[in-house]
Amino acid sequence: MSRFLAFGEIMLRLSPPGRELLLQTPKLDVWVAGAEANVATALARLGHDVGFASAVPDNDLGRSAIATLRGHGIDTSAIQRRGDRMGLYFVTSGAGMRATEVIYDRTHSSFAETRAEDWDWAALLSGVDRLHLSGITPALGPVSAEAALAAVKAARARDVAVSFDGNYRAKLWERWASDPRGILNTLVGHADLLFGNHRDIALLLGRDFSGEGESRRRVAADAAFAAFPRLQTIASTARHVEDADRHRLSARIDTRAGTAQTEEVVLAGIVDRIGGGDAFAAGVLHALRSGGGAEEAARTGLALAALKHSLPGDASLFRQADIDAYLAGGLDVRR
């Protein structure tokens, strides 16, 4: 039986209600969050066998996060209870011409201080055929960077496929004496599936790509395929922001053999854009795991990403029926 394992930090997200500024009133909404946890949640909701490896403190915050993931159908047995701090981040949602703002509070979290040797990868990868992780984990610091590298090396040694989402977070990398390009290149070198666009590839390869639109993205993809022999698929989105409430989004899958590109869709009346990229990744993984090709993966990833923009919080909680309804174009009440 096929099984996903996601590896990364599970956090709590705190946001002021509605479109208020942070602490404009003394209230905060709380959601369980984290890029890899979002992907695991979305995949589990779509019926896949998914485990999640992370670390949280053994207190009410950590236990609540575990209970939330378990409630979505995720196997949480690989979540360690250790350390003293739950990673947090604060999101102030944008409105109109005011952009969304993020503040991180995750230094010295339980996950960030869990060393590479604290993970039993032989046990964690037993029965797993795909490991998913992102560039957020190595950005947390040297301890997490070593853990991420140990994870992908263990997966490769066991012929477990690796999907990697670039998820470049400058605010995290800049907090320590990091080498983003070197570390990310090493990690991507173990992946067969990369979630990232031409800007992510430019960071990896230390070069700019000329041209516009689809041609530039294909040039970047070809450069990545040349640089990373194990890489077979690159999945990306293109987003045009008109204001906080209205975006235009398209999806694309590049393989060594060709490209699948969707039309652009308009996302109007956006409720919450955070987690849209994680929903896209989950949609792509879902379609590929279900036997779909590049075109179906692009369509499904875009559909789940678009649906996520209608939902508050970080994670996509939609089922296959919701994707089918979206793709069928039905916007009237479903009775």
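Predicted model: local features only at pLDDT ≥ 70, side-chain atom pairs only at ≥ 80, totals over all residues.
Entry 1: I then searched for a charged partner and found D105, joined to R85 in a salt bridge with the closest N and O atoms 3.2 Å apart. I noted that this pair links distant parts of the chain: R85 sits in the loop between β5 (79–81) and β6 (88–92), whereas D105 belongs to strand β7 (residues 101–105), 20 residues apart. D105 has a relative accessible area of 30% and is therefore partly exposed.

**Entry 2: D129 and R289.** I next examined D129, whose side chain meets that of R289 in a salt bridge of 2.9 Å, N to O. I placed D129 in the loop between α3 (121–124) and β8 (130–134) and R289 in helix α10 (residues 276–289), so the bridge ties together parts that are 160 residues apart in sequence. For D129 I recorded a relative accessible area of 32%, which means partly exposed. R289, at 24% relative accessibility, is also partly exposed.

**Entry 3: D245 and R19.** I found a salt bridge between the side chains of D245 and R19, at 2.8 Å from N to O. The two residues are 226 residues apart and link distant parts of the chain, with D245 in the loop between β11 (233–243) and β12 (246–255) and R19 in the loop between β2 and β3. D245 is partly exposed at 25% relative accessibility, and R19 is partly exposed at 31%.

**Entry 4: Salt bridges overall.** I recorded a count of 21 salt bridges. I also noted a network of salt bridges that links D58, D60, R63 and R81.

**Entry 5: Nonpolar surface patch.** I returned to the loop between β2 (11–15) and β3 (29–33), which holds L22. At 31% relative accessibility, L22 is partly exposed. I found that L22 forms a nonpolar patch on the surface with L23, L28 and I103, and that together they have about 320 Å² of accessible area.

**Entry 6: Helices α8 and α9.** I looked up the axes of α8 (residues 198–205) and α9 (residues 213–227), which come within 9 Å and cross at roughly 40°. The two helices are therefore oblique to each other.

**Entry 7: A155.** I located A155 in helix α5 (residues 142–157). Its relative accessibility is 0%, so A155 counts as buried. From A155 to I136 I noted 18 Å in space, C-alpha to C-alpha, and 19 residues in sequence.

How values were computed: Residues numbered from 1 in each chain as written. Heavy atoms only, no water. Patch = residues over 30% accessible without salt bridge, like charges linked within 9 Å, V, L, I, M, F, W, Y side chains within 5 Å. Areas by Shrake-Rupley, 256 points an atom, 1.4 Å probe, with all protein chains shown as cover. Salt bridge = Lys/Arg side-chain N within 4 Å of Asp/Glu carboxyl O. Helix = DSSP H or I, 4+ residues; strand = E, 2+ residues; numbered from the N terminus. Buried < 20%, exposed > 50% of the residue type's maximum accessible area, 1.4 Å probe, protein only. Axes fitted to C-alpha atoms, helices over the stretch in contact; angles between N-to-C directions. Parallel < 35°, antiparallel > 145°, perpendicular 65-115°, else oblique.
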